[in-house]
Amino acid sequence: MQLPYVYRITKYDPADRDEHGHYIGSEDTVSDHGEVEASHLQAVAAFAGDTGVDHLAVREPQIPSLAHFGVEPAVDGFGLDGLFPAGPTGFHDGAEVPLEIGLQLVRAMLRDNGAWCRLEVEGAFAVHVGWDQYLYISSSRPCEEALARIRELGLFSERLDASPYAFEAEEEEQVIQRPGDEDFWADLQRAVVTGRAGILEETYLEGASRWHHLTSDTIDAVRVGLAPRARLAVWPSLSTDIDAVLRALPADGLVEGVWQDDDGIIRSALAEEDEFPELTARISRAHSAALLSVYAGERAPLCTAVMPDNDGVLRARWRTEPTPSDRDWALRQPQG
């Protein structure tokens, strides 16, 4: 739902833009971690107060996906440390947070700590951060008091038709999204028993996945432990022919290695060609492994799904890339 009042809030004076709208003034594009940053947070609080909201929902959360060997993230925890009682696992799609935690998430985004999300109240309020600390706030109300507060804080507001970072559904894909419901798990049980499926990829954040070994005895435990609204991809079992897996390593490019060590844990890593020696060393010591393409059109799980909420309703807006199996399932669904 597009909210009627959309504003771009920045520290950049519109008078310092060229004829193409590009800022040519002297303001830095990074946070000062001080008074100016605090003004942005006060702006969000002012709009939230004018709209009458004190809690926000996390939508489409993400962290950087290219975590290479030997390289630590710029900020441990991607700016999430201490924000959720249950730890970073609390940062999931649909998580409800009080406004104060929402402001801390905005601070992390202003600082480019790594974590990013949309923060919303359906039908009433939305805030997210774009490049160069551009702050986009949408409301169901004009928020005139908040706009006056913006001016007092020394920031600038510009009315927009829509935020460029608002969620947009993929129009070109007409296949309905399969939910991870009872039918999905029954089908998965059969696929595991017949040997067609062996591992489950759980994307709990955009850019972060967990891998689960599937047997007829472990499926229920895996299901219970999944993050809310996680995206799921089902894959065949890993190969115990480690030499064959390593021979399939490409000469260059980007690849994802997935392997199971003797401790039973399945691990994965994205690697480019200069990291292939480290990836090779890890896989060579593994019990079983596989190499997966990361390129669109080449990554082909057996089937996919998105977890619904506890009441059975699929409220997650992100979607999986449909497989042939997903398309067959969609064709069998009643047409409304």
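The side chains of Arg-111 and Glu-37 come together in a salt bridge, at 2.7 Å from N to O (a salt bridge being a side-chain nitrogen of Lys or Arg within 4 Å of a carboxyl oxygen of Asp or Glu). Arg-111 sits in the loop between α2 (99-110) and β4 (116-121) and Glu-37 in helix α1, so the pair ties together parts that are 74 residues apart in sequence. Helices are DSSP runs of H or I with at least four residues, and strands are runs of E with at least two, numbered from the N terminus. Glu-37 is buried, at 1% relative accessibility, while Arg-111 is partly exposed at 28%; buried means under 20% relative accessible area, exposed over 50%, and partly exposed in between (1.4 Å probe, protein chains only).

This is a predicted model, in which local features need pLDDT of at least 70 and side-chain atom pairs count only at pLDDT 80 or more, whereas totals for chains, interfaces and linings use all residues. Residues are numbered from 1 along each chain as its sequence is written, and side-chain values use heavy atoms, with hydrogens and water left out.

The salt bridges come to 24 by this rule. Another of them joins Asp-187 and Arg-190 at 2.1 Å, N to O. These two are three residues apart in helix α4 (residues 182-193), and therefore about one helical turn separates them. Both Asp-187, at 26% relative accessibility, and Arg-190, at 48%, count as partly exposed. Arg-267 pairs up with Asp-261 in a salt bridge, with the closest N and O atoms 2.7 Å apart; Arg-267 is partly exposed at 31%. Then there's a network of salt bridges, whose linked residues include Arg-59, Glu-60, Asp-93 and Arg-118.
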